[in-house]
Amino acid sequence: MAPCFGILFLAFALGGLLQDAGGAAQPGVGQTSARNCSATPPYLPPTAVNTSLRLQALRKEMEPLNIRAYIIPATDAHLSEYIAERDAGHTWISGFSGSAGTAVVTQGKAVLWTDSRYWTQAERQMDCNWELVRASYIDSIADWLIQELAQGEQVGFDPFLFSIDTWKAYSRKLDPANRVLKSLPYNLIDKVWKDRPAAPSEPITKLPDSVTERTWQMKVEEIRQQMRKNPYKPTAVLLSALDETAWLFNLRGKDIPYNPFFYSYTLLALDRIWLFLHPGRVTKEIEEYLDAGCQSANCTQILSYEDVRANIVNYVNVTIGVRVWIGTEYTNYALYELITPEEKILTSAYSPVLITKSVKDATEQRALRKAHVRDAVALIQLLVWLEESVPAGKETELSAARYVEEKRSMQANCVGPSFATISASGPNAALAHYSPSNETNRNLRVDEMYLIDSGGQYLDGTTDITRTVHWGTPTDFQKEAFTRVLMGNIDLSRLVFPAGTRGINIEMLARRALWEVGLNYGHGTGHGIGNYFSVHEWPVGFQSNNVPFEKGMFTSIEPGYYQDNEFGIRIEDVAVAVEAETKFGWSYLTFETVSLVPYDRKLIDASLLSREQVDWLDRYYRQIRKELVPELEQQGLRKERDWLMRHTEPFTPAGAGLALPSLTLVGAALSALSLGHLL
């Protein structure tokens with residue numbers, strides 16, 4: 001899944017279209033898909049939402065609080081990537097359903113800030129009550145507030161929806177200008193959203209023992225050991241991100257789309273454990289599992305989710321010598337502001353739980369690999385079916401997405417998709433975060449490239465894989481672009497690097513072959529992935545705020561290229577950092593690819609590949625055969641087995657020219673980066 005600022009989103013890139021009889025999207029007569037607020041009368045597409053009464057109700061709530069502006073971020077109290085429908089207040093108030101954006105409402109104006117991925121979507125979903133600012137930086141929002149508000153006037157916000165860093169960023173700009181940032185005791189949108197969806201009530205479940213190596217008691221002790229060794233002597237760790245509590249207790253839920261999490265906080269002290277959630281969702285079995293109700297250090301005290309602030313205040317004020325350790329990336333300001341004075345708090349970018357969770361133990365690694373074997377079967381079933389059915393002209397982006405999700409659902413331990421499937425044909429694939437809808441759906445055609453980016457949630461792992469294919473005759477440019485994307489994938493995948501190297505310092509290898517001919521891509525190169533967890537699992541990856549690589553970390557590797565209004569290419573594999581054998585050194589790593597689907601041979605120009613790249617490709621194809629042939633045979637999928645054998649024929653050395661120099665990739669990296677930067 002193409003990462004961009006660590007988030008995946010639905011894009012209604014070609015909305016406001018009508019379906020023809022064959023399912024292909026065609027423009028409606030006399031109709032455009034975006035609003036036109038300067039026309040007389042203003043034109044609004046059918047996808048726009050009327051927000052007049054909603055804004056009126058919100059402004060009425062702002063008046064008695066003396067709030068001149070109200071900020072509405074697109075997140076929840078846990079700063080989650082995906083949020084439940086009940087937390088999408090920014091969508092309810094503006095009509096805009098993109099996952100990245102910030103709305104600001106004053107008594108006279110309503111403005112949305114979002115980045116370039118969502119400009120078209122916003123113009124199709126918002127009515128003329130709203131202005132769109134084509135930017136996403138906090139500085140841009142703060143500058144606008146300074147211009148709109150007089151000195152001394154207040155800007156309200158829900159502290160649960162602000163990260164610590166977000167609050168600091170606004171404060172740095174607004175405080176010197178004497179515009180007052182005011183933390184409010186309740187969310188104003190929730191107060192006026194009369195038909196807001198109810199809180200989830202499904203019971204929380206625990207992971208099967210077969211996919212867990214460490215019990216929750218072992219994990220608790222592991223974190224406590226880190227607390228004891230920390231020179232700043234924290235007395236407790238506060239866990240705010242939903243995956244932190246889920247990982248610590250080996251529990252899962254269904255509160256968030258695509259992610260098996262449940263609303264929760266944890267305060268883990270050296271002598272006590274407090275778990276904050278909705279108690280009605282805890283079965284007797286889970287109570288016994290958590291040793292709930294007793295008073296020893298290894299018993300879990302289950303408290304109400306809404307009481308987290310009161311209990312933190314009590315702990316901070318009553319406990320002697322208290323120091324609470326938090327990770328600033330995922331702790332909201334509502335909790336942070338309670339821990340005073342400053343000497344009672346210890347901060348790091350990520351909590352010890354997120355750092356510990358990022359390295360998979362042996363059982364987790366084995367389970368995640370097995371999940372990828374079954375997942376590959378489902379994707380191969382899709383590719384075989386499309387190869388046979390697309391020439392008939394009846395299949396669409398949506399039918400392909402439904403087919404792969406159906407095939408995944410039939411695999412053992414599958415509990416659903418890990419994100420909204422990106423099924424994109426022709427120009428739709430040029431939008432990196434596109435997902436098909438009834439309005440944008442296109443027929444699949446043999447003369448267009450097709451990109452499928454999909455993944456599954458399994459009890460033993462999370463998957464995410466992208467393949468780009470062509471059923472007809474690709475152009476020379478399409479073949480070269482695809483091959484150079486593949487070269488970048490291989491170059492990064494086969495790199496040998498010192499343990500502790502940061503992803504940002506090797507990421508350029510995925511772009512090298514593209515850069516050489518003046519091509520590039522505008523999203524990140526990879527993200528961490530979990531075991532029945534988030535498909536974007538922080539803090540692993542290739543961005544500047546990701547942690548250094550260690551053995552046992554899983555990441556996606558996904559370079560791409562996108563030709564506007566024509567086609568898109570992305571190749572995405574999940575890989576694990578493993579020990580590398582070197583002639584002289586020790587403590588070196590490389591990546592081992594665990595995704596197991598061959599690349600489209602028709603799109604590969606082997607003359608561009610170096611000898612090392614061809615050798616890597618042949619080894620990878622041998623591994624695919626080793627892992628998948630037995631699985632396909634066991635499932636009785638003979639046609640898919642035969643397809644796999646044809647598509648994993650080796651690339652012989654004679655078929656691979658050496659247009660690129662045959663050199664070690666470490667040397668290539670060092671030609672662009674100093675050794676100090678790599679380390």
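This is a predicted model: local features need pLDDT of at least 70, side-chain atom pairs count only at pLDDT 80 or more; totals for chains, interfaces and linings use all residues.
The protein chain is divided into domain 1 (51-192), domain 2 (205-357) and domain 3 (362-648), with bounds that come from an automatic or database domain assignment.

Let me turn to helix α13, residues 362-389; helices here are DSSP runs of H or I with at least four residues, strands are runs of E with at least two, and both are numbered from the N terminus. With 28 residues, α13 reaches 41 Å from its first C-alpha to its last, close to the 40 Å expected at 1.5 Å a residue, where the expected span is 1.5 Å times one less than the number of residues. Of those 28 residues, 22 are buried, so that α13 is mostly covered; buried means under 20% relative accessible area, exposed means over 50%, and partly exposed lies in between, with a 1.4 Å probe and protein chains only.

Salt bridges come next. The search of the whole structure finds 38 of them, a salt bridge being a side-chain nitrogen of Lys or Arg within 4 Å of a carboxyl oxygen of Asp or Glu. One of them joins E364 and R214 at 3.4 Å, N to O; because E364 lies in helix α13 and R214 in the loop between β9 (205-206) and α7 (216-229), the pair ties together parts that are 150 residues apart in sequence. Both E364 and R214 are buried. R68 and E153 also form a salt bridge, with their closest N and O atoms 3.4 Å apart, and this pair links R68 in strand β3 (residues 67-73) to E153 in the loop between α4 (138-148) and β7 (154-157), 85 residues apart. R68 is partly exposed at 36% relative accessibility, and E153 is partly exposed at 24%. In the salt bridge of R445 with E448, at 3.9 Å from N to O, R445 is partly exposed at 40%, whereas E448 is buried at 12%. E480, R484, D491, R512 and E516 are linked in a network of salt bridges.

Not counting residues up to four places away in sequence, E244 touches L239, S351, V353 and L354, where contact means heavy atoms within 4.5 Å. The side chain of E244 makes a polar contact with the side chain of S351 at 2.5 Å; a polar contact is a pair of N or O atoms within 3.5 Å, and within protein one must be able to donate a hydrogen and the other to accept it, while residues adjacent in sequence count only if both atoms are side-chain atoms. A polar atom of the E244 side chain also lies 2.9 Å from the backbone nitrogen of S240.

Key. Residues are numbered from 1 along each chain as its sequence is written. Side-chain values use heavy atoms; hydrogens and water are left out.
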